[in-house]
Amino acid sequence: MKLIRPASITGVATLTRAGEATYVTPEGLVAMAPVDEPRWQGGILLVEDVATNLLKRSQDWSAGWNTGNARGTLTAGATAPDGSATATTWIESAETGGRYVVNNTSINYVAGAPYTASAHVRQAPSCVTARHFAFLVLTAVTGGVSNATAVFDLQTGATTCDAGGADGTFTASMQELADGWWRVEMTFTAGVTTTGAGVQWRMTDRTTNAGPSWTGDETSGLVLWGAQLEEGGAATSYIATAGTVQTRAADIVTGDTAPCIVAINVPEPDTGDPAAWDSGTTYAQGDEARLAGTHLVYRSKQGSNTNHNPATDDGTWWISLGGVNRWALIDDYVGTQTVRAVSPLNVTLKPGRCDSLYLYGAVGTRALVSMRDGLTGPVVYERELVLMGPETGDWFAYYFQPFRQVAAFVLTDLPPYIGGVITLQIIGDAAVACGMLVAGQALDIGDTQYGVQVGIRDYSRKATDADTGYTTLEQRKFAKTMRAIVRLPREQFTVVHEELQAYRATPCVWVGDSVADSQPLIVYGWYRDMYLVVDYPTTGVYNLELEGMV
């Protein structure tokens, strides 16, 4: 059995950004986030430094570009990855030769500095024969000019990169978007300082050759959008330009001392949260109010309730119902949920040292879990969870029985980085939700023995009329229960006993199954009773009676 000791998350950081910024949605579309709004992309919170698109015209390739060697027509008005009619269609002519356009912006490269060229590109819907995209970077080297190239296969996503004998290093990659679009990028390090350099943006009929010559069919071609050239070793989020160079402001995170919520895309207060408690308001029995200081919702237990602060009340006037919508996923109440009307639900935590994660009550089709080493460090963990499954695990159930939400997941393989930043993204077709998200450290307290008893403590109301014998049932909340015996070696007695004592009257995650896939054996709650029986000289057993939170 594993005991996951939760991080006590009470703080929330602040993310600011002095301007709009783009990101890619889970559906593969480019979207715009307003000022100060967090962005998530690929299940990761985007925290980017300031960046500048050095190209003056990033969208309309039919204007402001040198198209003398396009050997085709460039027409604005095609649908772009952001849904706007700002992409450019490039259809090849019947001429024979290579095909490329060049940015008219004069670029000055600094020796030893990395640069990244990127673009959004897809094959034209009218293509008879497959067409692909390529970069050709003109890089000055000792004795002349050398061409570094990257070719992008728009059908398979494969890349071919050739430094072409130029100084510096060259890499290429592709990101698949929606509707056949790709974002392609090439990073190169300037070998020497260059004045007035440029990038050729090429069409090619081959997947490994950036500069072939062929006779066009007047039908095939590409659709182009979102060109970007920036300093740095990777493409950052797209920055639109329309005649002048543009800069995206940096994302600045403050107050991110662990354990805390770094960012979440649910506001506080949210629609459906009650009004804030007011000392001058008289509350009737059943009225609800929220407190910003505790992030909790309270219900009045009696009428004429005036000037009784829920935070200091001893239970006479108020009862806590759990967190407001934003905080429901990290309160101690299993029966509450953080709900977002539109997919996805994103939350990023900085829990401190953590190696385990418990997810309960998720609503959606899939979830992405990731961990970074710090806010901007490398991604050190990624996992995709399927949130819908058949009622039983056979093929008949898969095809003919309704799918259900998978109730709980336990992940115990996270790398224990002290500065780890964990992001959960829940994706669905409609509203999405999360009932509980617990991050913490796992302790192995012994081997669960056969004979585990699991059940529930039901708080539903059942009333039978003494005259008629009719029974009225009102389904209400319940708590999971589990009685288990775990065996452990004698040398673990002290550590386990001290930890159990330390976490008395504290909700924790108890995982009774060694592979954490048997949901009845996972309880978020507390132990009602525990005692150690030393029945062998080298081992003993703990008898645990566990009760879940409601």
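**Entry 1: getting my bearings**

I noted before anything else that this is a predicted model. I looked up the secondary structure and found 2 helices and 51 strands. I then checked the extent along the principal axes: the C-alpha atoms fill a box of roughly 95 × 65 × 50 Å. Of the 550 residues, 48% are buried.

I also wanted to know how far apart in sequence the touching residues are. Among contacts between residues at least 6 apart in sequence, 67% join residues at least 24 apart.

**Entry 2: surface and charge**

The protein exposes about 24800 Å², and carbon and sulfur atoms supply 50% of that. I looked up the charged side chains next: 36 are positive and 56 are negative. How far apart do the centres of the two sets lie? I got 1 Å.

**Entry 3: salt bridges**

A reminder to myself: side chains of opposite charge can pair when their charged atoms come close. My search of the whole structure gave 18 salt bridges. I picked out some to look at.

Glu48 and Arg39 came up with their closest N and O atoms 3.0 Å apart. Are these two buried or exposed? Glu48 has 12% relative accessibility, so it counts as buried, the cut-off being under 20%. Arg39 is at 0%, so it counts as buried too.

My next pair was Glu384 and Arg366, whose side chains meet in a salt bridge at 3.5 Å, N to O. This pair links distant parts of the chain: Glu384 is in strand β37 (residues 379-386) and Arg366 is in strand β36 (residues 366-373), 18 residues apart. I wrote down 48% relative accessible area for Glu384, which makes it partly exposed. Arg366, at 25%, also counts as partly exposed.

Then I turned to Glu545 and Arg483, where the closest N and O atoms are 3.6 Å apart.

**Entry 4: aromatic rings**

I found 15 aromatic pairs in the structure. For Tyr109 and Phe188, the ring centres are 5.3 Å apart and the planes are at 75°, so I filed the pair as edge-to-face. Tyr109 and Phe188 are both buried.

Which way do the rings of Tyr283 and Trp318 meet? Their centres are 5.2 Å apart with the planes at 70°, so this pair is edge-to-face. Tyr283 lies in strand β28 (residues 282-283) and Trp318 in strand β32 (residues 318-323), so the pair ties together parts 35 residues apart in sequence. Tyr283 and Trp318 are both buried.

Ring pairs link Trp61, Trp65, Phe133, Phe135, Phe152 and Trp201 into a cluster.

Definitions and conventions: Residues are numbered from 1 along each chain as its sequence is written. This is a predicted model: local features need pLDDT of at least 70, side-chain atom pairs count only at pLDDT 80 or more; totals for chains, interfaces and linings use all residues. Side-chain values use heavy atoms; hydrogens and water are left out. A salt bridge is a side-chain nitrogen of Lys or Arg within 4 Å of a carboxyl oxygen of Asp or Glu. Buried means under 20% relative accessible area, exposed over 50%, partly exposed in between (1.4 Å probe, protein chains only). Helices (H or I, at least four residues) and strands (E, at least two) are DSSP runs, numbered from the N terminus. Contact means heavy atoms within 4.5 Å. Accessible areas come from the Shrake-Rupley method with a 1.4 Å probe; for residues, only the protein chains shown count as cover. Lys and Arg count as positive and Asp and Glu as negative; His and the chain ends are not counted. The place of a charge is taken as NZ of Lys, CZ of Arg, CG of Asp or CD of Glu. Rings of Phe, Tyr and Trp (its six-membered ring) pair if their centres lie within 6.5 Å; planes under 30 degrees apart count as stacked, over 60 as edge-to-face and the rest as tilted.
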